[in-house]
Amino acid sequence: MTSPEIGQLIRDKRNSLQVTQQRLCEITGISVHALSNIESGKANPTVEVLTALCDALGLELVVRVRGA
């Protein structure tokens with residue numbers, strides 16, 4: 001997935017749960033600015049940040065190695 005696709009997925013899930021950016025940031029410890037950049041596809045979040053967001057939103061982060 002690309003950064004914009006990941007951001008859209010996070011935004012869609014957050015909105016479906018009716019969670020504000022502010023609340024998600026309080027839960028995960030991520031700044032509102034960082035979350036906004038992630039959701040808009042402007043950021044390249046670390047695995048730790050993605051894990052925190054996925055845990056808070058009930059998503060599963062799966063990493064696959066290509067060609068393996």
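How do the residues of the lining of the largest pocket divide into nonpolar, polar and charged? There are 12 nonpolar, two polar and three charged ones, where Ala, Val, Leu, Ile, Met, Phe, Trp, Tyr, Cys and Pro count as nonpolar, Asp, Glu, Lys and Arg as charged, and the others, Gly among them, as polar.

Before going on, a word on what you're looking at. This is a predicted model, so local features need pLDDT of at least 70 and side-chain atom pairs count only at pLDDT 80 or more, while totals for chains, interfaces and linings use all residues. Residues are numbered from 1 along each chain as its sequence is written, and side-chain values use heavy atoms, with hydrogens and water left out.

Back to that pocket (an open set of points on a 1 Å grid over the protein atoms alone, where a 1.4 Å probe fits, with protein on both sides within 12 Å along at least five of seven lines; lining residues have an atom within 4 Å of a point). The largest one has a volume of about 580 Å³, volume being the space filled by probe spheres set on the points. Of its 17 lining residues, Met1, Ile6, Leu61, Val62 and Val63 lie nearest the centre. Helix 1 (3–16) and helix 4 (47–57) each give two or more residues to this lining, with helix 1 supplying the largest share, four residues. Helices here are DSSP runs of H or I, at least four residues, numbered from the N terminus.

Now hop over to helix 2 (residues 21–28), where Leu24, Cys25 and Thr28 are buried (under 20% relative accessible area with a 1.4 Å probe, protein chains only; exposed is over 50%, partly exposed in between). Looking down the axis of helix 2, you'd see its buried residues fall within an arc of 100°, so they line one face of the helix; the arc is that of the directions from the helix axis to the C-beta atoms. They pack against helix 1, helix 3 (32–39) and helix 4, with contact meaning heavy atoms within 4.5 Å.

Elsewhere, arginine 14 pairs with glutamate 39 at 2.6 Å. Arginine 14 is in helix 1 and glutamate 39 in helix 3, so the pair ties together parts that are 25 residues apart in sequence. Both are buried. Glutamate 39 also bridges to arginine 11 at 3.7 Å.

Key: Salt bridge = Lys/Arg side-chain N within 4 Å of Asp/Glu carboxyl O.
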